[in-house]
Amino acid sequence: MLSHGLHYGTGVFEGIRCYSTDKGSFIFRLREHVDRLFRSAKLYGMRIPYSQDEICTAIKETIRINGLDECYIRPIVFYGFHHLGVMPTGCPVECVIAAWKWGAYLGEESLRSGIRCTFSSWHRIHPNTLPTTAKACGHYLNSLLAALEARKKGYDEAIMLDCEGFVAEGPGENIFIVKDGKLLTPDFSSGILPGITRDTVIQLAKDIGIAVEEKRAHEI
Ligand SMILES: Cc1ncc(COP(=O)(O)O)c(C=O)c1O
């Protein structure tokens with residue numbers, strides 16, 4: 001209960017999907033997720049006591065041991081207990097990997113009918129305040145406030161603007177729109193998380209000849 005990570009949000013994590021296909025189970029861009037985990041940790045001066053290869057192997061092992069063919073994987077790395085000063089000096093860096101079945105993030109129905117979103121009065125954290133490219137536990141207080149507000153107003157999800165009023169992202173997802181035959185998405189100056197799905201969507205669109213523009217925009 002006295003883990004530093006619990007008291008100050010000093011942890012970093014990933015959300016990774018493993019999909020079942022007729023050729024077996026495949027983890028979606030495992031290397032990139034593990035690489036982002038290490039980059040997030042570095043931004044908070046946290047040294048993960050394993051190599052990227054070891055974490056990748058442990059993730060695959062966790063899925064295998066739990067007998068899962070399709071699942072969500074949550075590696076989390078956080079400062080454990082040593083003392084509770086804000087500086088985590090001497091706190092051990094704890095690593096945990098969990099895997100379980102988890103369907104569509106916003107529910108199965110959302111895949112068929114879409115979702116209703118509202119702009120949030122909470123702005124996305126600013127890069128001068130927190131390193132927004134890190135997927136860090138404490139950052140999700142910002143996401144939570146936006147999501148709570150949206151649910152209270154009767155919507156499924158929030159859209160957050162950056163501190164200058166440009167569209168940034170959702171509490172747990174990047175945003176795209178299709179406009180005039182082009183795929184538009186905010187660039188990194190809006191303090192968005194560099195999403196791996198976002199990167200994949202951009203690559204796939206380019207592969208099939210759809211123009212993609214990454215830029216700040218007031219509207220979506
Ligand atoms: C704030 C935020 N933005 C974007 C994303 C999408 O990231 P990815 O596509 O790497 O899962 C997430 C995913 O958890 C997120 O929490």
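A: The protein chain splits into domain 1 (4-100) and domain 2 (109-214), with bounds that come from an automatic or database domain assignment. This is a predicted model, so to speak of local features takes pLDDT of at least 70, side-chain atom pairs count only at pLDDT 80 or more, and totals for chains, interfaces and linings use all residues. Residues are numbered from 1 along each chain as its sequence is written, and side-chain values use heavy atoms, with hydrogens and water left out.

Taken over C-alpha atoms, the domain centres sit 23 Å apart. Domain 1 brings 15 residues to the contact and domain 2 brings 17, where contact means heavy atoms within 4.5 Å. Together they bury about 1,300 Å², 65% of it on carbon and sulfur atoms; that's the accessible area (1.4 Å probe) the two parts lose on being put together, summed over both. Phe13, Arg36 and Tyr44 supply 44% of what domain 1 buries against domain 2, more than any other three residues.

On the polar side, 8 residue pairs are in polar contact between the domains, both residues at pLDDT 80 or more (N or O atoms within 3.5 Å, one able to donate a hydrogen and the other to accept it; residues adjacent in sequence count only if both atoms are side-chain atoms). The rule also finds 1 salt bridge across the interface, meaning a side-chain nitrogen of Lys or Arg within 4 Å of a carboxyl oxygen of Asp or Glu. Arg29 and Asp199 meet in a salt bridge at 2.9 Å, N to O.
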